[in-house]
Amino acid sequence: MVPRLHGPLSAVPDVDTALRFRPVHGYRRAFRMTGAGSPVLLIHGIGDSSATWREVIPALARRHLVIAPDLLGHGWSDKPRADYSVAAYANGMRDLLGVLGVEQVTLVGHSLGGGVAMQFAYQFPEHTDRLVLVSSGGLGREVSGWLMLASLPGANMLLSSLLRLPGARMQAKLVGGLLRWLGTGLGVDAPDIVRLFDSLAEPTARQAFLRTLRAVVDHRGQVVTMLDRCYLTRGMPTLLIWGARDAVLPLRHAWTAHQAMPGSQLEIFEDAGHFPFHADPARFVSVLDAFIAGTAPADWRPEQWRELLRTGRLADGVPVASTTQRREAERALRSASERSAT
């Protein structure tokens, strides 16, 4: 059993977390890759990059081969005028793993990356050992009002104007400090919000951010949901990690998903916001290590997949969810006005 730790992580010597680059379909893909053992793929959220995982990568690399890419349009990866849908990102992850010669992974997705991880597991179950969703998108309609506003027409011009204002970064820091002083959920994540705001200064990064955002969010909230396919996770070890003070994607999404995903585990970080792996990296690593050590990789078989799709049951006749679980999932589905088109 992996010991449960809390607080900051001790330094891990001789771990190479430097960026590497490989072309995929003619576009430069940036990624970090280090360690040895069972492969773990870390997928960051919207507007972020693989750098968000830097504090946890060295500790995870003690037991695992860790791969942390910059999604297309993010970080140091290319930012073309391209398809930035969740399904396209899942395809991109599959193709990057193919280039790297990695067959199967434990998926760890944060925020938008959680939606990408779910889509990957749905499209490529044969490549998925386990699924870990960290404050994940795609599990309910609600999302921060700031993101809904950013999805509106004219947001690019507004963001561009704000970023050109003298002292824009200092003003963003002051707003973040005020939110923290007021004790708001967004204040918990103020440093990360300022960091993501800074990343939008480059026009191509801003365009990619908006294209990605509009693929998953509109003025009414999230438009993509995986709740209607959560029953397909039966037989796939699944862990949900959420911050109790998440003001971007509320904690009730975690409970809805936990009900809809048979056999899933739920870990709540009481003092964390949208970035639980920043709030308590040592606990995050120990929870993830314990989950991987304590579960066997998913045993994917085409006949089981077909049985689940046809009947919602496995061949043993056991329903994929109890009546209560199904009601919870159905209520969440009714609250989502639109679904994934894939």
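## Basis of the description

Buried residues are those under 20% relative accessible area and exposed residues those over 50%, with partly exposed residues in between, as judged with a 1.4 Å probe and the protein chains only. By these limits R195 is partly exposed, because its relative accessibility is 30%.

The model is a predicted one, in which local features need pLDDT of at least 70 and side-chain atom pairs count only at pLDDT 80 or more, while totals for chains, interfaces and linings use all residues. Residues are numbered from 1 along each chain as its sequence is written, and side-chain values use heavy atoms, with hydrogens and water left out.

## Overall architecture

The protein contains 14 helices and 10 strands, taken as DSSP runs (H or I of at least four residues for helices, E of at least two for strands) and numbered from the N terminus. It has 342 residues, of which 55% count as buried. Among contacts (heavy atoms within 4.5 Å) with a separation of 6 or more, 76% are between residues 24 or more positions apart.

## Surface

A nonpolar patch on the surface is formed by W146, L149 and L152, which together have about 340 Å² of accessible area. Such a patch joins nonpolar side chains (Val, Leu, Ile, Met, Phe, Trp, Tyr) within 5 Å, from residues with over 30% relative accessible area and no salt bridge.

Beyond its neighbours within four places in sequence, G235 is in contact with A298 and D299, and its C-alpha atom is separated by 8.2 Å from that of P262, 27 residues apart along the chain.

Helices α3 (112-123) and α9 (203-216) each supply at least two lining residues, and α3 gives the largest share, three residues.

## Salt bridges

The structure holds 10 salt bridges, each a side-chain nitrogen of Lys or Arg within 4 Å of a carboxyl oxygen of Asp or Glu. In one of them R195 meets D48 at 2.6 Å, N to O. This pair links distant parts of the chain, 147 residues apart, with R195 in helix α8 (residues 190-198) and D48 in the loop between β3 (38-43) and α1 (57-60). D48 is buried, at 4% relative accessibility.

A further salt bridge joins the side chains of E267 and R283 at 3.0 Å, N to O. E267 lies in strand β10 (residues 265-269) and R283 in helix α12 (residues 281-293), so this pair ties together parts 16 residues apart in sequence. Both E267 and R283 are buried. Salt bridges that share partners also join D48, D192 and R195 into one network.

Methods: Patch = residues over 30% accessible without salt bridge, like charges linked within 9 Å, V, L, I, M, F, W, Y side chains within 5 Å. Areas by Shrake-Rupley, 256 points an atom, 1.4 Å probe, with all protein chains shown as cover.
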